[in-house]
Amino acid sequence: MENGLTGAKRREIIINMMRQAERPLSGAALGKATGVSRQVVVQDIALLRTEGFPIVATARGYILNEAKQVVRLFKVCHGNDETEDELKTIVDLGGCVLDVMINHRVYGIMTAPLNIKNRRDVQRFMNDIKSGKSSPLMNVTSGYHFHHVSAEQEEILDEIGEALQEKHYLTELMPYEEI
């Protein structure tokens, strides 16, 4: 833990960065973003490959050779007791919750990677929240928060948006919040 991140958390960040990247990411760039050396990134890439991630090394850097996903930003607001339902709604419709983000008026944008893609991930996240001494990031902004959600098709993201709207979780993006 060179920078306070566990190896697993660092590799999760690397995968999320690669999923969101439009071009190959160099080992040096991934190392800088995660606070480790390029050599540690090379080791992380090897471990991720053994876990089944289709990572390809090119002359310009690493790419994740997965089917392309579409990503949409959702702004939501709800209480702690509705977090599990919100996450299950998204994953049950085929979405992956890439991160959670808040836009604090004083501290600015704060984000944390999640990569929640199924009910098992939802349960793990909920257990982590319940067993820890920290509360969800959304509590800093009275329940308002954002999620980048990925899916295989825009139609899936539309369905997720409709379901979040029906449950009254979805809230409108303000012009200054176009992130």
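Me: How many helices and strands are there in this chain, and how do you know what counts as one?
Reply: The chain has six helices and six strands. Both are DSSP runs numbered from the N terminus: a helix is H or I over at least four residues, and a strand is E over at least two. From the N terminus on, they come in the order α-α-α-β-β-β-α-β-β-α-β-α. Before we go on, please keep in mind that this is a predicted model, where local features need pLDDT of at least 70, side-chain atom pairs count only at pLDDT 80 or more, and totals for chains, interfaces and linings use all residues. Residues are numbered from 1 along each chain as its sequence is written, and side-chain values use heavy atoms, with hydrogens and water left out.

Me: What makes the chain as compact as a globular protein of its length?
Reply: Its radius of gyration is 17 Å, close to the 16 Å that the globule rule gives for 179 residues, so the chain is as compact as a globular protein of that length. The radius is taken over C-alpha atoms, and the rule is 2.2 Å times the number of residues to the power 0.38. Along its principal axes, the C-alpha trace spans about 45 × 35 × 35 Å.

Me: Which share of the contacts with a separation of 6 or more joins residues 24 or more positions apart?
Reply: That share is 72%. A contact here means heavy atoms within 4.5 Å.

Me: Why is Met138 called buried?
Reply: Buried means under 20% relative accessible area, exposed means over 50%, and partly exposed lies in between (1.4 Å probe, protein chains only). Met138 has a relative accessible area of 4%, so Met138 is buried. Its place is in the loop between helix 5 and strand 6. Leaving out residues up to four places away in sequence, Met138 touches several residues, among them His78, Gly79, Ile102 and Tyr144. Ala46, by contrast, lies 92 residues from Met138 along the chain, with 34 Å between their C-alpha atoms.

Me: Why does Gly79 count as partly exposed?
Reply: Gly79 has 26% relative accessibility, so it counts as partly exposed. You will find Gly79 in the loop between strand 3 (70-77) and helix 4.

Me: What makes Ile160 a buried residue?
Reply: The relative accessible area of Ile160 is 0%, so Ile160 is buried. This residue belongs to helix 6 (residues 154-166). Setting aside neighbours within four places in sequence, Ile160 is in contact with Phe74, Ile90, Leu93, Gly95 and Val149. Over the whole chain of 179 residues, 39% count as buried.

Me: Which phi value do you see at Asn115, and is Asn115 buried or exposed?
Reply: Phi of Asn115 is near 55°, a positive value in a residue other than glycine. Most residues other than glycine have a negative phi. Asn115 is found in strand 5, and at 10% relative accessible area Asn115 is buried.

Me: What about Ser142: where is it, and is it buried or exposed?
Reply: Ser142 is in the loop between helix 5 and strand 6. Its relative accessibility is 64%, so Ser142 counts as exposed. Phi of Ser142 is near 55°, again a positive value in a residue other than glycine.

Me: How do you know what is a pocket, and how much space lies in the largest pocket?
Reply: About 710 Å³ of space lies in the largest pocket. On a 1 Å grid over the protein atoms alone, a pocket is an open set of points with protein on both sides within 12 Å along at least five of seven lines, whereas a cavity is a set where a 1.4 Å probe fits but cannot get out. Grid points are joined across faces, edges and corners, and the volume is the space filled by probe spheres set on them.

Me: Which residues line the largest pocket?
Reply: A lining residue has an atom within 4 Å of a point. The largest pocket has 26 of them, with Lys9, Pro113, Leu114, Phe125 and Asp128 nearest its centre. Phe125 is in helix 5 and, beyond residues up to four places away in sequence, touches Thr83, Leu87, Leu114 and Ile116.
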